[in-house]
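Look at the sequence and the model below.

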Amino acid sequence: MSYLKTIVSQITKDVKVELVEFNGEEDHIHMIVKYPPTLELSKLVGLLKGKSASAFLDKFGSQYWGAHQRTLWSSGYFLCSVGGATLEVLRAYIENQGH
C-alpha cells in the first residue's frame with residue numbers, strides 16, 4: 001500500500017491536486033483530494049488509475065482481475081461529496097480502513 005500511496009502522491013502533485021488522505025484495504029482504496037473546480041473528476045480518476053496501474057505493474061508484474069492479465073483496477077469507481085462532515089471525521093474514517 002505504501003508504494004501505491006507514493007505513486008498516487010506523485011501523480012496528484014504533477015496535476016496540481018492535493019492528496020489530503022490515503023488508505024485502503026486489500027481490494028480498494030480511499031482518498032481525500034482537494035482539486036480545482038475546473039478539473040473534471042472523471043478525468044482525474046482516469047489519470048490516477050491509468051498512471052498508477054502502469055507504474056505498479058511495471059514494478060511488480062501482472063496482477064489478475066477477472067480474465068484480464070495486466071490490470072490493477074476495476075473499471076468502476078465511487079465518488080461522493082461529504083457535506084457537513086469535518087475533515088477530521090473523514091481522515092479518521094480513512095485512517096481506520098483495514099483495521
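Lys-16 is exposed, at a relative accessible area of 67%. Lys-16 sits in the loop between helix 1 and strand 1 (18–25). Its phi is near 60°, a positive value in a residue other than glycine. Most residues other than glycine have a negative phi.

This is a predicted model, in which local features need pLDDT of at least 70, side-chain atom pairs count only at pLDDT 80 or more, and totals for chains, interfaces and linings use all residues. Residues are numbered from 1 along each chain as its sequence is written, and side-chain values use heavy atoms, with hydrogens and water left out.

**The chain as a whole**

The protein chain has three helices and two strands. Helices (H or I, at least four residues) and strands (E, at least two) are DSSP runs, numbered from the N terminus. From that end on, the order is α-β-β-α-α. Buried residues make up 27% of the 99 residues. The accessible surface comes to about 6900 Å², and 54% of it belongs to carbon and sulfur atoms. Such areas come from the Shrake-Rupley method with a 1.4 Å probe; for residues, only the protein chains shown count as cover.

Contact means heavy atoms within 4.5 Å. Of the contacts with a separation of 6 or more, 50% are between residues 24 or more positions apart.

**Two helices packed together**

How are two packed helices described? The angle between their axes and the distance between the axes are used. Helix 1 (residues 2–14) and helix 2 (residues 41–60) pack at about 135°, with axes 10 Å apart. Helix 1 is therefore oblique to helix 2. Axes are lines fitted to C-alpha atoms, for helices over the stretch in contact, and angles run from 0 to 180 degrees between N-to-C directions. Angles under 35 degrees count as roughly parallel, over 145 as roughly antiparallel, 65 to 115 as roughly perpendicular and the rest as oblique.

Which residues make the contact? From helix 1 come Tyr-3, Leu-4, Ile-7, Val-8, Ile-11 and Thr-12; helix 2 brings Leu-47, Leu-48, Lys-51, Ser-52, Ala-55, Phe-56, Lys-59 and Phe-60. These residues divide into 10 nonpolar, two polar and two charged. Ala, Val, Leu, Ile, Met, Phe, Trp, Tyr, Cys and Pro count as nonpolar, Asp, Glu, Lys and Arg as charged, and the others, Gly among them, as polar.

**Residues brought together**

The table gives their C-alpha separations.

| Pair | Apart in sequence | C-alpha separation |
|---|---|---|
| Ala-92 and Glu-21 | 71 residues | 9.6 Å |
| Leu-72 and Ser-52 | 20 residues | 8.7 Å |
| Met-31 and Val-20 | 11 residues | 7.4 Å |

Met-31 lies in strand 2 (residues 28–34). It is partly exposed, at 32% relative accessibility. Beyond its neighbours within four places in sequence, Met-31 is in contact with Val-8, Leu-19, Glu-21, Phe-22, Leu-48 and Ile-94.

Ala-92 belongs to helix 3 (residues 87–95). Ala-92 is partly exposed, at 33%. Leu-72 is in the loop between helix 2 and helix 3. Leu-72 is buried, at 18%.

Is Lys-49 buried or exposed? Lys-49 is buried, with a relative accessible area of 18%. Its place is in helix 2. Leaving aside neighbours within four places in sequence, Lys-49 is in contact with Trp-73, Ser-74, Ser-75, Gly-76 and Tyr-77.

Technical notes:
Buried < 20%, exposed > 50% of the residue type's maximum accessible area, 1.4 Å probe, protein only.
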